[in-house]
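Notebook open, structure on screen. I want to go through a few spots one by one and jot down what I find.

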Amino acid sequence: MSIFKNKVIWITGASSGIGETLAKELAAEGAKLILSSRRSDELERVKKALKSADSEILILPFDLADASKTDALTKLVIDKFGRIDFLINNGGISQRSLTKDTSIAIDRKVMEVNFFGTVALTKSVLPFMLKQKSGHIIVVSSIVGKFGFYLRSAYSASKHALHGFFDSLRLEIYKDNVNILIVCPGKIRTNISVNAITGDGSTHNKMDESTDKGLSPEECVRQILNGIRNNKEELYIGGNDINAIWLKRFFPKLFSKIIRKQKAE
Ligand SMILES: NC(=O)c1ccc[n+]([C@@H]2O[C@H](COP(=O)([O-])OP(=O)(O)OC[C@H]3O[C@@H](n4cnc5c(N)ncnc54)[C@H](OP(=O)(O)O)[C@@H]3O)[C@@H](O)[C@H]2O)c1
């Protein structure tokens, strides 16, 4: 039997890409889902495509940039389902702009969405997982959570920050039977580059060539779910791009030379 059957799973960023695909796979395995992102119409579209009973899916739209709402939203989930077994912190926004062209307001916005929004939701859910003495928190970081890259200074910083936060939290809750998995995808074929923001806050609106050639979201989700099943702490998902993580760790000077030559997109 699937480990996800009848489990209550909250997915952020469920309106497209990796989050939408997670919703489809987990619904197919019999999970009860809470679907969140900003666009309620898109969440409704995702819900309609699932074969789950109406009562097993809760749509909770919210903006990760507004951390003040997470306690009230968590209460709604507990009122409906009584528990939360998995929190999948997947929602996020990327950036495509040189540091010199990026206003501090955009740096803060990317941090608010990717870091503080994720932290706030986790802090709202955590007391319930500690009380029920079980839970699994999944955080979707990026390979640029492990090293920096062109046009992504704010995005890379926001993903690095997630590692510091969740590695520390993992230590603190080890004895409470609450697990943490940090996922670092490389290039995955979603609208992440289309939806990325530029230095003045406008939308990049372009499918990057390398993203278009990336892994399918279905393969990414297959590996995430296997990582959860095997209780991994950190997971790298992609093609050759994920070798950069090992290169940086063991041969940092060679890594610098090679990464400089990569296309800045
Ligand atoms: N695709 C890749 O190559 C790649 C690589 C590394 C890491 N990632 C990470 O994977 C995660 C999922 O991205 P994706 O590739 O599936 O891209 P995507 O298709 O653009 O999905 C991003 C999701 O996040 C939601 N979101 C964005 N801003 C939000 C906000 N302020 N508040 C609440 N929700 C928000 C979006 O929904 P709404 O617009 O409805 O709010 C959408 O559901 C992200 O954390 C991303 O950083 C992706």
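This is a predicted model: local features need pLDDT of at least 70, side-chain atom pairs count only at pLDDT 80 or more; totals for chains, interfaces and linings use all residues.

I started with tryptophan 246, which sits in helix 8.

Then I looked at what tryptophan 246 belongs to on the surface. I found a nonpolar patch made of Trp246, Phe250, Phe251, Leu254 and Ile258, with about 520 Å² of accessible area together. Helix 8 (243–250) and helix 9 (252–260) are the elements that give two or more residues to this patch.

Second stop, a helix pair. I checked how helix 3 (residues 70–81) packs with helix 4 (residues 104–132): the angle is about 40 degrees and the axes are 9 Å apart. That makes helix 3 oblique to helix 4, because an angle has to be under 35 degrees to count as roughly parallel and 65 to 115 to count as roughly perpendicular. I also noted the handedness: helix 3 and helix 4 cross in a right-handed way.

Asparagine 6 is not a glycine, yet I read a positive phi of about 65 degrees for it. I placed asparagine 6 in the segment before strand 1 (8–12), and at 45% relative accessibility I put it down as partly exposed.

Asparagine 177 went on the list too, with a positive phi of about 65 degrees and again no glycine. I located asparagine 177 in the loop between helix 5 (153–172) and strand 6 (178–185). Its relative accessibility is 45%, so I have asparagine 177 down as partly exposed.

Terms used: Residues are numbered from 1 along each chain as its sequence is written. Side-chain values use heavy atoms; hydrogens and water are left out. Patches are made of residues with over 30% relative accessible area and no salt bridge: like charges are joined within 9 Å, nonpolar side chains (Val, Leu, Ile, Met, Phe, Trp, Tyr) within 5 Å. Accessible areas come from the Shrake-Rupley method with a 1.4 Å probe; for residues, only the protein chains shown count as cover. A salt bridge is a side-chain nitrogen of Lys or Arg within 4 Å of a carboxyl oxygen of Asp or Glu. Helices (H or I, at least four residues) and strands (E, at least two) are DSSP runs, numbered from the N terminus. Axes are lines fitted to C-alpha atoms, for helices over the stretch in contact, and angles run from 0 to 180 degrees between N-to-C directions. Angles under 35 degrees count as roughly parallel, over 145 as roughly antiparallel, 65 to 115 as roughly perpendicular and the rest as oblique. A crossing is left-handed if the near helix is turned anticlockwise from the far one by less than a right angle, and right-handed if clockwise. Buried means under 20% relative accessible area, exposed over 50%, partly exposed in between (1.4 Å probe, protein chains only).
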